Amino acid sequence: MRIRNPIIICLPLFFLFFMSIRLFSQDVDSLVLKHTDKHGKVNVDSMLAVGKQYLYSRPAKSFEITERAIAIAEEQKDQMQLASSYRSIGAIFTLINTDLDSSFHYLEKAEHAYRKLQTREATLGLGMVFHNYGTVKQIQGDYVKAIDYYIQASKIFDEVEDSQFSPYTLNNLATLYGLVGDAQKSEAYAHQCISLADKNGDEFMTATGRIILADALMTQEKYEEVLPLLHQILDYGKEQDDPYKIFLYHLNYGKYLMSYKKDYASALQEYEKAQQLATQVGDEWEIMRNYLALSEAYLMNEQYGKSQEAAAKALNTAKKLQAKDKQRESLWVLAHTNAHNRDFETAFQQLDSAYLLKDSVYAENNRQQMALLETEYQTEKKEIRINTLEKERVLYGIIFAVSLLGIIILLGALYLRQRAKKHLAQQQVIQLEKEKQLIATHAILEGEATERTRLARDLHDGLGGMLSAVKLNLFDMKKGGALLASEDVIQFNKVVDMLDSSINELRRVAHNMMPDSLSRYGLKVSLQDFCDSLSIVQFHFFGNDERLENTLEIMIYRSVHELVNNALKYAEAENINVQIVQQPDRVSLTVQDDGKGFDPTTPVKGTGLNNIRTRAESVGGSMNVFSEPGKGTEINVEFKI
C-alpha cells in the first residue's frame, strides 16, 4: 500500500482554516464599513450592539468585533466610545471566557475613562461598570463585596433617574439572595426586575428575571407557578435563537423534575441536553453548574461512579474560578459517593472541607453585613426624603417671611398654615427615623432566624446523617461476623453507646436552635411540646390558631424559651404558667412564676430581657415586667401583627 504524504493531506485543512479566518475578518471589515458615515467616522456604539447580539450564539465573533471597536475608538480618540468598548470586552471575559483577572483589568480601564467625563451617559456607564464588578465577585463567591458593588450601581442609577439598566442589577440581587438561601428576597427582587423590564419593553431582561423567579419559587416549593415561567423562557430562547436561554430552560426544568417530581431519570436527560448547550456557548461557569446538577442527579439515581466523575469536574472548575460555594457543593456530593464506597476517611475530610467553605461563604457576619448594606441603601433613600422635607420647611419659612413683608392682612393665615405644615414635616421626619431603626432591627432579626434555621438543618441533615451512617456500618461489621476479643466487644459497645449519645445530643442542639415542630405545625404545637417537656410548666392557648409569619413565630418561640429558662434558672419557682392569646392584630404572651421574684428597677447583668423587648418593639409591640421580691414574677410581651 502506498503511504500518502501527511503534509499533502493537511494542506487542504490548513487552507480551509486560513480561509475561514479570512472570511471572518472580511465579515468584520464589512461591519465596520456598514457603520461608517460619509465623513469616515465609525459608529462604535452600534458596532458594540451588533457584537452583543453574537455574545452567546457566536462568542468568537462577538470578541473580535469588540476588539476592533477598541482599536477604532483609540484611533478616533473618543473617550466615551473607548470606555464603552473596555466595559463590553470586560463583560465578555466575565460571561464567556471566564477570565476574571482580564475582566477586572478592562473594567478598571473603563471606570477610569468614564470618571474623566462629566456627562449623564458616562455616569450610566460607570453604574454598569460597578454592576459588572459585582458579577465578578458573585462568581468568586464574595457575596458581601458583590452586593456592595450592586448597591453602588443602584445608587448611580437612582442618581440619574435611569430605569433602563436597573433591571440588570435587580436581577443580580435576586440571584445573589438565591445563592445565600434567602428565597423570599430573591423572589421579591425578581418580581421587581420583571416588572421594570416589562415597563421598558426589554424582553431579554424579562426572560432573565423569569429564570431567577422560577428558581426562587422552586426553593420555596411553589411548584405550581414554575412551569408557565419555564415555557415562556423556552419560547423566548427559540424565537430569539438564544442558546443560553434554552440551556437555562433545560437546567431549571431538570431541577423541577428532581425536586418536585422525583423523576431522576428524566432530570438526567434534561441536564445532558443542557450540557451540550453549555459546551456550545462555552461558558465555564454554566458548564460547572450543570456538571454539579448532573452529579446530584446521578447520586439520587444511584449511579455513584458517574456522580463522582461529574462532581470532580465541577470541583476542578470551581477551584479555577475561585467559586467557594460551588466547591462546597461539589465536595458534599463527593463525600456522599465516597461514603457509599465505604471510604469514610475521605468522605469525612471532604465533608469537613465543605463545612469550612460553607462557614466562610454563609457566616452569620457575612449575612449581617449584606443585610446592613441593603438597609443602608434603603435608609439613604429615606434620608433623601427627609432632606426634601427639610428643604420644604425652609421654603415655607421663606414664603412666610416674604408674605409677612408684603401683605399684613394675610399674616395670621400664612402663619397658621406654615405652623401646620412644619408640624407635619417634623412628624414625617420622626416617622421616617423610626422606620429606619425598625428596618435595621428587622434585618438583623431576619438574619438571626435564617442562620439558626440553616445551622439546625445542617446539623440534623448533614452531620446527623453521617453519624447515623457510621453507626449502621458498625452494626454491619458486627452482623458480618467479625471476630472480636471480649475486651474489644466491651470497647465496641462503649463506642456504639458514645455514638448514640452524640447523635441524641446533636438532635437536641438542633431542636433547641430551631424545633422541627415549629416549621411543620406552628406556634401552638411547638410551645405545647416545649412546655410538656418540663414538669412544672403549664401551657394555655387562647384565640385563633392561624399560622403567623415565619419570622414572628420564631420571635415568639424564642421569647417563651428565654423567659421559661430564666424562671427555671433564677426564680427557684415550683410552678410556671405560660399563656398565649392570639388575636387578628396581635399576640399576647404572659409567663408567670411563684418564685422568689426581683426588683424590676434594679439593672440586670444579662441581655435576655433586653433582647425580648427589642424583638417586640421591632414589630411595634411592648414588654411589661411585674415582680416583687418574694412574690413571684409576671412578664407580659405583646407582638403586633
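A nonpolar core here is a set of buried Ala, Val, Leu, Ile, Met, Phe, Trp, Tyr and Cys residues joined through side-chain atoms within 4.5 Å. Buried means under 20% relative accessible area, exposed over 50%, and partly exposed in between, with a 1.4 Å probe and protein chains only. This is a predicted model, in which local features need pLDDT of at least 70 and side-chain atom pairs count only at pLDDT 80 or more, while totals for chains, interfaces and linings use all residues. Residues are numbered from 1 along each chain as its sequence is written, and side-chain values use heavy atoms, with hydrogens and water left out.

The largest nonpolar core has 100 residues, and Tyr114, Phe130, Tyr133, Val226, Phe247 and Tyr271 touch the most other members. Apart from that core lies another, of 33 residues, including Leu527 and Tyr557.

Now the helices, which are DSSP runs (H or I, at least four residues) numbered from the N terminus. Helix α12, residues 243-261, packs against helix α13, residues 264-281, at about 160 degrees, with the axes 8 Å apart. Axes are lines fitted to C-alpha atoms over the stretch in contact, and angles run from 0 to 180 degrees between N-to-C directions.

Last, aspartate 29 lies in helix α1, residues 6-34. Aspartate 29 is partly exposed, at 35% relative accessible area. Its C-alpha atom is separated by 9.3 Å from that of isoleucine 65, 36 residues apart along the chain.

Key:
Helix = DSSP H or I, 4+ residues; strand = E, 2+ residues; numbered from the N terminus.
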